[in-house]
Amino acid sequence: MKIALINENSQATKNAQIYEVLNEEAQKAGHIVFNYGMYSAEDDVQLTYVKNGLLASILLTTKAVDFVVTGCGTGQGAMLACNSFPNVLCGHITDAVDAYLFGQVNDGNCIAMPFAQGFGWGAEINLHYTFEKLFSETFGGGYPKERREPEQRNKKILDQVKTVTHRPLIEILKEIDQDFLKETIAGDHFAEYFYPNCQDDEIANYLKSL
């Protein structure tokens, strides 16, 4: 998988620590990580958890990445924002059990983690275990295994429902506040990471036009 890491401004100082652990565990499973920032609290481009949701939707809709790791102080705001946009199925993940069950039962494409609440002594250990279990098996394998078929069936139903309840992303991009959108894609490495991997020419061309 191609995995994106997105941090918002309140927890930007932890980006390097999170990226180091995520990249180590992802590489073990044969995945590649793109660090979309924020990289420090002093970055010129300031991402909020709402912008993280929009950015996650852009990356996943265009297949520039296959999976997004994001979060905020509690992880709750980032999860809500991500699920507000099309083509994002985001779970709130606090530990290794959450991560494993989310991947196997819900088969989502995004996780939101708390990077302040409970993020104290030994936080890097929890990050290692969480990412290790998240990537330990192919998503959608079911838990318990005999529940795999009904769980996969429910996932397909949810995907179909989201195509009805969410508008196409290109329509949202054209109608959302354009300054907000431009700030969302103004990160130092956005163009470098996004355009070579983007598989949606219409969205890519619209973003370039901004």
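A residue is called buried when its relative accessible area is under 20%, exposed when it is over 50%, and partly exposed in between, using a 1.4 Å probe and protein chains only. Helices (H or I, at least four residues) and strands (E, at least two) are DSSP runs numbered from the N terminus.

The model on the screen is predicted: local features need pLDDT of at least 70, side-chain atom pairs count only at pLDDT 80 or more, and totals for chains, interfaces and linings use all residues. Residues are numbered from 1 along each chain as its sequence is written, and side-chain values use heavy atoms, with hydrogens and water left out.

**Stop 1**

Select the five strands of the open sheet, whose order is 2-1-3-5-4 with parallel pairing; two strands pair if DSSP finds at least two bridges between them. Strand 2 and strand 4 form the edges, each pairing on one side only. From one strand to the next, the twist averages 25°.

**Stop 2: strand 1 and its partners**

Now select strand 1 (2-5). Four bridges link strand 1 to strand 2 in the parallel sense, and leucine 5 stands opposite asparagine 35 in strand 2. Towards strand 3, strand 1 pairs in the parallel sense over three bridges; there, alanine 4 has valine 68 as its bridge partner. In a regular strand the side chains alternate between the two faces of the sheet. In strand 1 both faces are covered, with Lys2 and Ala4 buried on one side and Ile3 and Leu5 buried on the other.

**Stop 3: strand 5**

Move to residues 110-114, which make up strand 5; five of its five residues are buried. Cys110, Ala112 and Pro114 lie on one side, and Ile111 and Met113 on the other. Strand 3 (residues 67-72) runs parallel to strand 5 and is joined to it by five bridges, with threonine 70 opposite alanine 112. Strand 4 (residues 90-92) also pairs with strand 5 in the parallel sense, over three bridges; here cysteine 90 faces cysteine 110.

**Stop 4: helix 1**

Select residues 15-28, which form helix 1. Strand 1, helix 1 and strand 2 make a right-handed β-α-β unit; right-handed describes a path from the first strand over the helix to the second that runs clockwise when the strands point away from the viewer.

Apart from neighbours within four places in sequence, alanine 26 is in contact (heavy atoms within 4.5 Å) with Ile3, His31, Val33 and Phe135. Its C-alpha atom is separated by 8.3 Å from that of isoleucine 3, 23 residues apart along the chain.

**Stop 5: helix 9**

Finally, select residues 190-197, which form helix 9, and colour its buried residues Phe190, Tyr193, Phe194 and Asn197. These residues lie on the same side of helix 9 because they cover an arc of only 95° around the axis, the arc being that of the directions from the helix axis to the C-beta atoms. Which elements do the buried residues of helix 9 pack against? They pack against strand 1 (2-5), strand 2 (32-35), helix 2 (49-61) and helix 10 (201-209). Turn the view to the face away from the buried side of helix 9, which carries the exposed residues Glu192 and Pro196.

How values were computed:
Axes fitted to C-alpha atoms, helices over the stretch in contact; angles between N-to-C directions.
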